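New page in the notebook.

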Amino acid sequence: MDVAGCLGCDLLAGRRDLPGGIVYETAWWVVNHAVGPLNLGTLIVGPREHVTAVADLDDRAAAELGPVLRDTARVVEAICRPEQTYTCLWSHGPGTRKHLHFAVQPVTAALVARYGGLRSEQLQARMLAGGEDPGSSAVEQFSGRARELFHGIRSTPGRAIPGPG
């Protein structure tokens, strides 16, 4: 199902610009860089279909989710070398559920310092309320590197992901 006006559906259907494009995809999941005021390297894992709750995932989508989240976190860790990588479910909009997605966000000591020591949901809320968009050029470059690492995972399952370079 494709829901016009849903950010996730609009990005996947090409109705909105997606800087960096699709970084990785499986039969049920798509990975792309976050759109908006989250830091560079924040990847979004979302279902291809308009699903609004984990409870609504079918068995095949649920079976793919763990490996896709793990591999996405590995890619973020390899490129960004963060202090921590947050993996957060977001699917709630004003008054209603919205397209389910997981934000896989690299959090460095410098990022925490820039936001006055905030962490976790407080950091994310502050960033979403007034953070800086990383810019499409930086997102394109990051997405290209992430795509290369995902390609290595696909071509050699179980292979360790190389570090930055």
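**Starting at Asp 71**

I began with a polar contact: the side chain of Asp 71 meets the side chain of Arg 70 at 3.0 Å. A reminder to myself that this is a predicted model.

Where does Asp 71 sit? I looked it up, and Asp 71 belongs to helix H2. Is Asp 71 buried or exposed? Its relative accessibility is 8%, and under 20% counts as buried, so Asp 71 is buried.

**Along H2**

Next I checked the length of H2. I did find a kink of about 30° at Leu 65, shortly before the proline Pro 67.

Then I looked at both ends. At the start of H2, a side-chain oxygen of Asp 58 comes to within 3.1 Å of the backbone nitrogen of Arg 60. After H2 comes Arg 81, with a positive phi near 50°.

I also listed buried residues in H2, including Leu 65, Val 68, Leu 69, Thr 72, Val 75 and Val 76. A note for reading that list: an α-helix has 3.6 residues a turn, so residues three or four places apart point the same way.

**The nonpolar cores**

Which residues touch the most other members of the largest nonpolar core? Of its 24 residues, I noted Trp 29, Val 31, Val 45 and Phe 150. Strands S1, S2, S3 and S5 and helices H2 and H5 each give two or more residues to this core. H2 supplies the largest share, 8 residues.

Leaving aside residues up to four places away in sequence, Phe 150 touches Val 23, Tyr 24, Val 31, Leu 43, Asp 71, Thr 72 and Val 75. That brought me back to Asp 71, where I started. Apart from this core lies another, of 14 residues, with Cys 88, Leu 111, Val 112 and Leu 123 among them.

Last, I turned to S5, residues 96–107. Here 9 of the 12 residues are buried, so the strand is largely enclosed by the rest of the structure.

S5 runs antiparallel to S4, with 9 bridges joining the two, and Gln 84 stands opposite Val 107 in S5. S4 and S5 make a hairpin with 2 residues between them, and Gly 95 in the turn has a positive phi of about 75°.

S3 and S5 are also antiparallel, joined by 3 bridges. There I found Ile 44 opposite Ala 103 in S5.

Definitions and conventions. Residues numbered from 1 in each chain as written. Predicted model: local features only at pLDDT ≥ 70, side-chain atom pairs only at ≥ 80, totals over all residues. Heavy atoms only, no water. Buried < 20%, exposed > 50% of the residue type's maximum accessible area, 1.4 Å probe, protein only. Helix = DSSP H or I, 4+ residues; strand = E, 2+ residues; numbered from the N terminus. Pairing = 2+ DSSP bridges. Core = buried A, V, L, I, M, F, W, Y, C linked by side-chain atoms within 4.5 Å. Contact = heavy atoms within 4.5 Å. Polar contact = N/O pair within 3.5 Å; in protein donor to acceptor, adjacent residues only side chain to side chain. Bend = angle between axes of the 7 residues up to and from the residue.
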